[in-house]
Amino acid sequence: MSLLNTLPDYVITTKTDELINWMRKSSLWYMLFGLACCAIELMHTGGPRADIERFGATPRASARQSDLMIIAGTLTLKMALRTRLLYDQMPDPKYIISMGSCSNCGGLFQLAYSVCDGVDKVLPVDVYVPGCPPRPEALTEGLLKLQEKIMSERWLARERANPAVA
Amino acid sequence: MEPLSIYQALSSRFKERILEISDKTIDPFAVIEPTALLDVCTFLRDDPELAMDCLSNQTGVDYKDRIEVVYHLFSYKHRHSCILKVKLPRDNPVVATVEGLWRSANWMEREIFDLLGVTFQGHSDLRRILMPEDWEGYPLRKDFVEPREYHGIATVRESPIVRLDQKKK
């Protein structure tokens with residue numbers, strides 16, 4: 001403590017983990033990727049009223065520039081393979097928010113022949129947002145939860161903090 | 001023209017190749033012999049009195065003992081419409097394509113092929129349109145059995161309530 005006390009006011013001390021996590025959580029660029037009606041709410045969340053850009057989340061058109069994938073809508077089996085491909089194209093660290101009943105568990109359409117019942121069968125999900133569709137407030141809450149989760153990560157840890165098992 | 005008088009005109013021209021005319025339903029329809037489909041459709045499109053210039057919808061139905069392909073035709077010139085049906089055997093449903101008459105048939109026939117397995121002879125590009133290309137079976141058939149998994153993705157999801165019950169025991 002003696003060292004800290006000698007530092008001038010304009011020097012802030014922190015931990016590496018906290019600094020890195022703070023930078024990561026403050027620029028969660030999400031991929032422009034909507035699958036069904038949840039995408040409308042996703043657009044709303046990026047709009048002026050909910051405005052998740054306040055929290056550093058801005059849409060990117062390319063998987064290679066994104067940190068976050070928001071699965072917004074019904075995931076069909078055909079799309080599931082393509083979603084996995086897009087996920088593989090994202091650079092680490094990468095996160096997934098499963099938005100709405102359909103991507104959580106198949107929702108209304110889980111008995112359909114073409115629907116993948118839940119995105120967690122294909123990809124590791126970090127935050128599940130319930131709702132059909134979730135309101136922009138709910139998705140914002142999901143994003144904040146994800147930021148909390150990111151803040152608990154350890155830089156030297158090999159695995160991410162508790163990714164839900166696929 | 002009213003649909004029924006259209007069917008009458010067809011009937012007087014094509015005789016027994018028009019198998020049935022039904023006015024029991026809200027929309028009357030005519031059932032046509034599959035081999036006569038192209039002749040009937042060409043006549044419907046090219047006759048100036050009928051001038052069916054639009055295939056507004058084409059779809060298929062599985063009735064367990066047969067598969068029907070349904071054609072909804074419309075004339076922008078005369079503002080009238082008619083419905084044609086073709087009954088096909090379930091084990092080998094084959095019918096001529098009407099893509100040469102109405103280009104809109106291209107995708108609709110691909111969809112019927114995709115979901116019901118009807119082969120349209122002479123179609124320029126008969127591939128699956130909605131389901132993945134490596135999908136097996138025709139999902140809208142009554143006897144379609146959903147595969148247990150697709151590329152390693154299980155297609156059934158356990159109910160979490162059932163899982164909780166099992167844990168209690």
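## Two cis peptide bonds in chain A

A:Pro133 is found in the loop that connects E5 and H6 of chain A. The peptide bond between A:Cys132 and A:Pro133 is cis, with an omega of about -10 degrees. A:Pro93 belongs to the loop between helix H4 (77-89) and E4 of chain A.

Such bonds deserve a remark, as most peptide bonds are trans.

## Chain A as a whole

Chain A contains six helices and five strands. Along the sequence, these elements follow the pattern α-α-β-α-β-β-α-β-α-β-α. The C-alpha atoms of the chain fill a box of roughly 70 × 35 × 25 Å along the principal axes.

Chain A has 166 residues, of which 37% count as buried. Among its contacts between residues at least 6 apart in sequence, 78% join residues at least 24 apart.

## Helix H6 of chain A

Helix H6 of chain A covers residues 136-151, and its 16 residues should span 22 Å at 1.5 Å a residue. The C-alpha atoms at its ends are 23 Å apart, which agrees with that expectation.

Which residues of H6(A) are buried? They are A:Leu139, A:Gly142, A:Leu143, A:Leu146, A:Gln147 and A:Ile150. Viewed down the axis of H6(A), these buried residues fall within an arc of 145 degrees, so they line one face of the helix.

## How H3 and H6 of chain A pack

Two packed helices are described by the angle between their axes and the distance between the axes. For H3(A) and H6(A), the angle is about 70 degrees and the axes are 9 Å apart. Since angles of 65 to 115 degrees count as roughly perpendicular, H3(A) and H6(A) are therefore roughly perpendicular to each other. On the side of H3(A), the contact is made by A:Glu41, A:Leu42, A:His44 and A:Thr45. On the side of H6(A), A:Pro136, A:Leu139 and A:Thr140 take part.

## Helix H2 of chain B

In chain B, helix H2 comprises residues 37-46, and B:Leu37, B:Val40, B:Cys41 and B:Leu44 are buried within this helix. Seen down the axis of H2(B), the buried residues lie within an arc of 95 degrees, so they line one face of the helix. They pack against helix H1 (3-14), strand E2 (29-32), E4, strand E5 (80-88) and strand E6 (94-96) of chain B.

## Positive phi angles in chain B

Most residues other than glycine have a negative phi. B:Lys15, although not a glycine, has a positive phi of about 50 degrees. This residue lies in the loop between H1 and strand E1 (18-22) of chain B. B:Lys15 counts as exposed because it has 9 C-beta neighbours inside 10 Å.

B:Arg79 is not a glycine either, and its phi is positive at about 60 degrees. B:Arg79 is located in the loop between E4 and E5 of chain B. With 8 C-beta neighbours inside 10 Å, B:Arg79 counts as exposed.

## Confidence of the prediction

The mean pLDDT of chain B is 89, and 94% of its residues reach 70 or more. Within chain B, confidence is lowest in helix H4 (residues 160-168), with a mean of 66, and highest in strand E4 (residues 67-75), at 94. For the complex, the predictor gives an ipTM of 0.74 and a pTM of 0.80.

Terms used: Residues are numbered from 1 along each chain as its sequence is written. Chains are lettered from A and ligands numbered from 1 in the order in which they are written. This is a predicted model: local features need pLDDT of at least 70, side-chain atom pairs count only at pLDDT 80 or more; totals for chains, interfaces and linings use all residues. Helices (H or I, at least four residues) and strands (E, at least two) are DSSP runs, numbered from the N terminus. The expected span of a helix is 1.5 Å times one less than its number of residues. A residue is buried if 20 or more other C-beta atoms lie within 10 Å of its own, exposed if 12 or fewer, and partly exposed in between; C-beta atoms are placed from the backbone. The arc is that of the directions from the helix axis to the C-beta atoms. pLDDT is the predictor's confidence in each residue, from 0 to 100. Axes are lines fitted to C-alpha atoms, for helices over the stretch in contact, and angles run from 0 to 180 degrees between N-to-C directions. Angles under 35 degrees count as roughly parallel, over 145 as roughly antiparallel, 65 to 115 as roughly perpendicular and the rest as oblique. Two residues are in contact if their C-beta atoms, placed from the backbone, lie within 7 Å.
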